[in-house]
Amino acid sequence: MTAVPLDILQARGADAFDPGFGVYVHWPFCAAKCPYCDFNSHVRHQPVDQPRYVEAFLAEMAAMRRLSGPRSVTSIFLGGGTPSLMHPATVDAILSGIARHWHVPDGIEITMEANPSSVEAERFRGYRAAGVNRVSLGVQALNDRDLKFLGRLHDVADALKAIRLAREIFPRMSFDLIYARPGQTVADWDRELKEAVSYAVDHLSLYQLTIEEGTPFYGLHKAGKLAVPDGEQSAILYEATQEFTAREGMPAYEVSNHARPGAESRHNLTYWRYGDYAGIGPGAHGRLTVGRARVATATERRPEAWLDRVASEGHGMVVQDVLEREEQADELLLMGLRLREGVDLARWQALSGRDLDPAREDFLIEHGFVERLGNSRLRCTPAGMLILDAVVADLAC
Ligand code: SF4
């Protein structure tokens, strides 16, 4: 771990580009591990000692507050894992802790991820009473065969019940679906999207199934026992998704996120606009402006080791690195090009100390992968989104 030098632990420098300050809290437990999942999620067969985790969250919050200094929070996100396995009292203690450490204005977006299998009306009402005002449901598919294939513990009936409850109890809600499943045709996906839009309020997250190293799906795929749509079929499904959601008035504002104008996730926009966020809990990442420096933080991933570390050090951070300006410029590009609004070039220039290479930019424009929005912003076209990593690598050189 690189300690932050004392000379930058001073008053925060004025930042002309301030996309907000989010607080992320990671609940690292799930009832079962899905075979495609490479998130930091763990299954425990004994009940989790929630009060002990609350105590550790509060200690780590205090350490993050010392780094961040006083800030006004623009959004809070309880992610995981499966945060809806937390008792409402745990959520209440976490949200109250955040409000003790930072200024939390009334009405800011407070999102919680929830799985349909862990939803009960009483718990949902408890989360709402604790202050959660937006829920993001991991629905993933709207047919039981695919839910089973994805290793999910819920069925479609549970998902629909959870959606109904969420709509009734929370002012804002979204749900996730995974597409590019084995054998899925555009017609299948189109039908499912139509159904999804009829249940949605104003936001949907639509992710492509990816085969991540270290997961059971990776092993099956490598052994030739799991066939997923190839690049071309995935691209066709991606384009169909973009066209369908745009027609329905819920266009993509980010690679996988779709919303009616004004209903975008404030918290996720802070990440993609390369704002500051405190990451609390096992395996959480953060970006904090500390004096004139930008500091990347990451905490110990294993829940019990994280608890031990918090008990001995007062926090679970294992990374606390000052980012060079060039690294920040790369991250800004990587994040900003995910967004339909694109990236602010003046900010990129201020960080990198240079202009984009005109020859590279012209090449990408000519081939239809990026486009300018006036003089000040650059964004990926839908074709560029499909090869986002390559576009970013090319521009960042
Ligand atoms: S519920 Fe979500 S976080 Fe938990 S294992 Fe499944 S995909 Fe991963």
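Rings of Phe, Tyr and Trp, the last taken by its six-membered ring, pair if their centres lie within 6.5 Å. The legends below describe close-up views of a predicted model.

**Figure 1. Ring pairs link five residues into a cluster.** The members of this cluster are Trp27, Phe29, Tyr53, Phe57 and Trp306. In the structure as a whole, the count comes to 15 aromatic pairs. In one of these, the ring centres of Trp27 and Phe29 lie 5.3 Å apart and the ring planes meet at 75°; the pair is edge-to-face because planes over 60 degrees apart are counted in that way. Trp27 has a relative accessible area of 1% and is therefore buried, the limit being under 20%. Phe29 is also buried, with a relative accessibility of 3%.

**Figure 2. Phe124 and Phe170 form an edge-to-face pair.** The centres of the two rings are separated by 5.1 Å, and their planes stand at 75°, so the arrangement is edge-to-face. Phe124 belongs to helix α3, which covers residues 121-130, while Phe170 lies in the loop between α5 (156-169) and β5 (172-179). The pair therefore ties together parts that are 46 residues apart in sequence. Both Phe124 and Phe170 are buried.

**Figure 3. Twelve residues are shown around the ligand.** The shell consists of Cys30, Ala32, Lys33, Cys34, Tyr36, Cys37, Phe39, Ser41, Gly81, Thr82, Asn115 and Arg152. By residue type, six are nonpolar, four are polar and two are charged. Gly81, one of the residues around the ligand, lies in the loop between β2 (75-80) and α2 (88-101). The peptide bond that leads from Gly80 to Gly81 is cis, and its omega is near 20°.

Figure 4. Thr215 is placed in the loop between β6 (203-208) and α7 (216-222). With a relative accessible area of 7%, Thr215 is buried. Thr215 and Leu160 are 55 residues apart in sequence, and their C-alpha atoms are 28 Å apart in space.

**Figure 5. Arg294 lies over the face of Tyr274.** The distance from Arg294 to the centre of the Tyr274 ring is 4.1 Å. Tyr274 is part of the loop between α9 (266-272) and β9 (276-280). Its relative accessibility is 3%, and Tyr274 therefore counts as buried. The backbone of Tyr274 has a positive phi of about 60°, although this residue is not a glycine.

**Figure 6. Ala180 has a positive phi without being a glycine.** The phi of Ala180 is about 65°. Ala180 is found in the loop between β5 and α6 (186-199). A relative accessible area of 2% places Ala180 among buried residues.

**Figure 7. Thr245 is a buried residue of a helix.** The helix is α8, which spans residues 231-247. The relative accessible area of Thr245 is 2%, so Thr245 counts as buried. Not counting residues up to four places away in sequence, Thr245 touches Leu206, Met250, Pro251, Ala252 and His258.

**Figure 8. Ala159 lies buried in helix α5.** The relative accessible area of Ala159 is 0%. Leaving aside neighbours within four places in sequence, Ala159 is in contact with Pro116, Val139 and His154. Ala159 and His221 are 62 residues apart in sequence and 28 Å apart in space, taken from C-alpha to C-alpha.

**Figure 9. The confidence of the prediction is shown along the chain, including residues 1-15.** The protein averages a pLDDT of 93, and 96% of the residues score at least 70. Over residues 1-15, by contrast, the pLDDT is below 50. In the model, this stretch has 30 contacts beyond near neighbours in sequence.

Note on methods
Residues numbered from 1 in each chain as written. Predicted model: local features only at pLDDT ≥ 70, side-chain atom pairs only at ≥ 80, totals over all residues. Heavy atoms only, no water. Near = heavy atom within 4 Å. Nonpolar A, V, L, I, M, F, W, Y, C, P; charged D, E, K, R; others polar. Phe/Tyr/Trp six-rings, centres within 6.5 Å; stacked < 30°, edge-to-face > 60°. Buried < 20%, exposed > 50% of the residue type's maximum accessible area, 1.4 Å probe, protein only. Helix = DSSP H or I, 4+ residues; strand = E, 2+ residues; numbered from the N terminus. Lys NZ or Arg CZ within 6 Å of the ring centre and 35° of its normal. pLDDT = per-residue confidence, 0-100. Contact = heavy atoms within 4.5 Å.
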